[in-house]
Amino acid sequence: MNVTLPAPFPISRPRRLRQSEALRRLVAETRLEVGRLILPLFVRSGRKLRRPVSSMPGVFQHSPDELVREASAAFRDGIPAVLLFGIPDRKDERASGAYARTGIVQQTIRRLKRELPELLVIADVCLCEYMSHGHCGVVVKSRGKVRIANDRTLGLLSRAAVSLAEAGADVIAPSDMMDGRVRAIRAALDGAGFEEIPVLSYAAKFASAFYGPFREAAESAPQFGDRRSYQMAGSNAEEALREVALDLQEGADMVMVKPALAYLDIVRRVKETFGYPTVAYSVSAEYSMIKAAAEKGWVDERSLTLESLLAMRRAGADLIVTYAARDVAGWLGDRGARPV
Ligand code: PBG
């Protein structure tokens with residue numbers, strides 16, 4: 001913004017407002033609140049299972065019963081929503097587990113909605129966890145070349161979205177990056193009577209090394225190749241805006257930028273350009289790097305985490321997906337009412 005300061009009121013002593021904690025808090029422009037955090041959780045079959053993810057200290061693969069416990073604790077902390085990822089018992093080349101009525105995420109959502117009806121459940125829609133090859137779409141081989149078939153993937157994504165809505169998901173969040181998937185999913189949801197279920201699109205999702213630890217957590221690393229034919233190149237900001245525009249035209253209600261910390265310029269531009277509810281996904285390596293450096297005693301975990309998340313809010317994110325949501329709730333205390 002271009003502000004011309006009125007001549008009679010020069011702000012000559014900015015330090016006046018920095019003198020005490022109370023004053024600093026009073027004039028804080030941006031606040032980090034627990035009510036704006038979304039906690040990602042991983043579910044796999046079993047009972048009483050909390051299997052640690054070694055590359056993400058403090059993150060677990062939970063069995064459904066344990067996941068409900070974790071989600072209740074998060075809800076008591078003031079966290080309003082969870083984002084669910086499933087690790088199926090079996091993977092195949094049609095990602096059957098993604099849209100099975102008894103799929104691991106579907107079962108878990110039914111349980112969550114029964115036991116914790118007020119907690120918002122956001123269901124990630126993607127095929128990579130359910131495909132034997134680990135790609136987010138259908139793989140076809142033609143003339144000796146392997147490619148991800150865009151339009152053949154849309155039907156499977158739509159089935160997954162409808163089946164997650166039938167299980168009781170409050171929000172459907174496609175993360176696959178196929179072209180046209182928001183339109184396809186919106187039409188499928190509407191056709192099945194779920195006109196009221198919002199779509200949170202991972203609209204600007206970049207091909208990123210910051211996803212490394214997640215692929216251990218979700219057991220979803222691609223078995224060959226990489227995701228650069230569908231996820232975006234880090235060099236392209238204009239393209240990110242076009243991706244967001246397309247998803248909004250196709251019916252997305254909220255949009256996500258992912259990763260967060262290395263893409264704050266994108267968060268800012270998406271928020272300023274479109275003004276829609278904008279979500280920043282602080283991804284796995286953003287979390288793990290802080291944990292690892294803190295374990296070595298090189299950084300202060302609490303300050304570093306809060307400062308990073310506050311930067312996402314300042315960049316324009318309304319909501320933040322973060323594995324540190326419960327840590328943050330603990331640090332902010334009192335249901336997150338206090339600003340940082
Ligand atoms: C893919 C998906 C990914 C993440 C969530 N869903 C990335 C990927 O494997 O390409 C990454 C999240 C994280 O790193 O925390 N469906």
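Mentor: Start with the second largest cavity in this predicted model. About 120 Å³ of space lies in that cavity. Its lining is made up of 14 residues. Glu286, Tyr287, Ile290, Thr305 and Ala324 lie nearest its centre. Two elements, α9 (284–295) and α10 (301–315), each give two or more residues to this lining. The biggest share comes from α10, with 5 residues. By class, the lining of the second largest cavity holds 6 nonpolar, 4 polar and 4 charged residues.

Now widen the view. The structure holds 4 cavities of 30 Å³ or more. The largest cavity has about 160 Å³ of space. It is lined by 19 residues, and Cys128, Lys205, Tyr211, Phe214 and Lys258 are the ones nearest its centre. That lining divides into 9 nonpolar, 4 polar and 6 charged residues.

The ligand sits in this largest cavity. Around the ligand are 16 residues, and Arg215, Arg227, Lys258, Ser284 and Tyr323 come nearest. The shell counts 9 nonpolar, 3 polar and 4 charged residues.

Look next at single atoms. Serine 175 has a polar side-chain atom 3.1 Å from a nitrogen atom of the ligand. For arginine 227, a polar side-chain atom lies 2.7 Å from an oxygen atom of the ligand. In tyrosine 323, a side-chain N or O atom is 2.5 Å from a ligand oxygen atom. On its own, the ligand has 400 Å² of accessible area, and the protein covers 100% of that area.

Notes. Residues are numbered from 1 along each chain as its sequence is written. This is a predicted model: local features need pLDDT of at least 70, side-chain atom pairs count only at pLDDT 80 or more; totals for chains, interfaces and linings use all residues. Side-chain values use heavy atoms; hydrogens and water are left out. A residue is near a molecule or strand if one of its heavy atoms lies within 4 Å of it. A polar contact is a pair of N or O atoms within 3.5 Å; within protein, one must be able to donate a hydrogen and the other to accept it, and residues adjacent in sequence count only if both atoms are side-chain atoms. Accessible areas come from the Shrake-Rupley method with a 1.4 Å probe; for residues, only the protein chains shown count as cover. On a 1 Å grid over the protein atoms alone, a cavity is a set of points where a 1.4 Å probe fits but cannot get out, and a pocket is an open set with protein on both sides within 12 Å along at least five of seven lines; lining residues have an atom within 4 Å of a point. A molecule sits in a cavity or pocket if more than half of its atoms lie within 2 Å of its grid points. Ala, Val, Leu, Ile, Met, Phe, Trp, Tyr, Cys and Pro count as nonpolar, Asp, Glu, Lys and Arg as charged, and the others, Gly among them, as polar. Grid points are joined across faces, edges and corners, and a volume is the space filled by probe spheres set on the points. Helices (H or I, at least four residues) and strands (E, at least two) are DSSP runs, numbered from the N terminus.
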